[in-house]
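Work through these exercises with the model open beside you. Try each task before you read its solution.

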Amino acid sequence: MPIHEKSLIRPENIKTHDELVIDGIDVSGHWSTFIESRVISDYNEALQEEISALPGGENIHRCFQCGSCTNSCTVNALNSEFNPRHWIYLIRLGMEEELLRDKDILWQCVSCNKCTYACPRDVAPEGVMKAASHWLELKGHTPKSPSTLFDTVFTDQVMETGLIEESRTIRGFFGLTNQSLTQGWLIEMVKRMIRHLPIEMLMKMGLATILRPKTKNWDAARDAMREYTAEQHALHAKALKLDQVTPKENN
Amino acid sequence: MSDEREKYKNVAYYPGCALEGTGHAYNKSTKAIGKALDLGLEEVKNWNCCGAMEVKNIDPKLQTYLSSRVMSIASNEMDHDVVMAPCNGCYHNLKKAEYELENDQEAVEVVDQISNKAGHETYKAGEIETIHALDWIKKAVGEEELEKKIKGGLKGLKVANYYGCMYTRPRNIYPEKDQGEGSESTLKPHYMDDLLAVAGADNVEFPLKTACCGGAHTLSDSDTSTKLVLNILMAAEASGAEVIATECPTCHTGLEMHQIRAEKMFGKKTNVKIVYFTQLLGMALGLSKRKVGLQENISDSYALMKEKGIA
Ligand code: SF4
Ligand code: SF4
Ligand code: SF4
């Protein structure tokens, strides 16, 4: 379906009459199909500006709608509703209502950068997907996605200790998203993992979770990064006029 | 021996977080082949995480800083010209930081500001060259020399070479790729194919070399990752591969983990084995299975290697 007409030809906009006779001619059923006329008056003129104020969205204005991003997109191949070109089009026009229809799948971009590789206009659509997902969250249209939650647990750990200790990140994330650590496939994986492993290695992996590795003399770096992130958050909040919205709570 | 080779013989080594955890076998086998090939690896002192794929989603410039600190230590404190990162994520991030610091004044300022506060020298673009483990073997040894050192070899093992996303994309951070003969291709990478061919592998024609495994959402959107991995596994089997060779701990673990998940959750069983290219190269160089950490892989390739008479 051509994306520009997508919103027009949704089932609720298509009208047919089971029985209709015009000037003595029977046009019942599909003969009388027409698309309801529509007037768009709810443009959000600030939409492009706000999304381009978030990291990754900077070059959205360069898009000339060639469609290479969607054509190459990994997630689009699994779900045709996942359509970077369409969303960029909507953002540029300020069609917020239309964009919100897809708010629950937009975060599913896997950052494979196939779109960025293919884009002839250096839009970096992968970045736009991230900026748009953050915009949805910051504006309170969606709760934080599992992806954002994971990024946050991960980034906090890096900022705190300088390093990632995987089992701690995974435990933190599973805790936050109420996932069980004893799901069948996970247990199967661990079983296969330890099949050939010597006991010392297992001990070491266990110990690592207790010893909590840390980069030395990291405190100053941590503070500097925290300071920088706080500044950035304040800037984003200002660009998005966030004092006027309340973000949605998780769960 | 040319100076060019000499430059890559002793390099700074940035294993990254994954190689201390799930990617331990990659770390082990990388060091083992370094030793077998007389190459020097000096681990970056007191290194930090590069931010993987996650920190950039919180703020890209934080990731630029994290990577720049690693490069700063390797170049300013350890006096290295080259830093080698075997993980695609680390390699990609260091390259990306290099690109940003070369081209974005704002990134330069943020990095300078955080580095000053953190109390170390600010990294400046051009001070060090970041390479992948594949570049390392290619540049420090090369196919000709490698061939002389192969003992036993891979005996025609059918291999699908899987490079993943971050090794070639986005293109702008890899200015040295796509530069004609001898350089790596971003569309159809071949460095791993080249090395394993010399080691005696029979590389299959594999169309999904740079497909994505969904590594970014391996835990946050597991069904998507499982579907993407299943595509890769089935394409490898359809191409006739017995083994998928990997060059990234995230890809590697993702393939292993979702191979099981596809079997348990979707009832789709695949048999292709997943092995790090460094493990394959190590065994071809005559190292034992244990020396290259084959026992640590979740995907069990012991029987296959035995049947083939490898290592
Ligand atoms: S590939 Fe680039 S220019 Fe083309 S539609 Fe996508 S974002 Fe726009
Ligand atoms: S980075 Fe995201 S939007 Fe771009 S091709 Fe990959 S999944 Fe699609
Ligand atoms: S294929 Fe998957 S793990 Fe590998 S680089 Fe891409 S996202 Fe990362």
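**Exercise 1. The contact between the chains**

What area is buried between chain B and chain A, and what percentage of it do carbon and sulfur atoms give?

Solution. This is a predicted model: local features need pLDDT of at least 70, side-chain atom pairs count only at pLDDT 80 or more, and totals for chains, interfaces and linings use all residues. Residues are numbered from 1 along each chain as its sequence is written, chains are lettered from A and ligands numbered from 1 in the order written, and side-chain values use heavy atoms, without hydrogens and water.

Step 1. Read the value: about 5,300 Å² is buried between chain B and chain A, and carbon and sulfur atoms give 67% of it.
Step 2. Count the residues in contact (heavy atoms within 4.5 Å). Chain B brings 60 and chain A brings 56.

**Exercise 2. A charged pair**

Find the residue that forms a salt bridge with K56(B).

Solution. Step 1. Side chains of opposite charge can pair when their charged atoms come close. A salt bridge needs a side-chain nitrogen of Lys or Arg within 4 Å of a carboxyl oxygen of Asp or Glu.
Step 1. The partner of K56(B) is E126(A), with the closest N and O atoms 3.0 Å apart.
Step 2. This pair crosses between chains, from helix α3 of chain B to helix α6 of chain A. Helices are DSSP runs (H or I, at least four residues), numbered from the N terminus.
Step 3. Two salt bridges are counted between chain B and chain A. Over all chains, the structure holds 25.

**Exercise 3. Two ligand shells**

Which residues come nearest to ligand 1, and which to ligand 2?

Solution. Step 1. A residue is near a molecule if one of its heavy atoms lies within 4 Å of it.
Step 1. Around ligand 1 there are 14 residues, the closest being C63(A), C66(A), G67(A), C69(A) and C119(A). In chain A, α2 (68-72) and α3 (84-93) give two or more residues to this shell.
Step 2. Ligand 2 has 14 residues around it, and C73(A), C109(A), C112(A), N113(A) and C115(A) come nearest. Here α5 (114-118) and α6 (125-138) of chain A each supply at least two residues.

How values were computed:
Buried area = accessible area lost by both parts, 1.4 Å probe.
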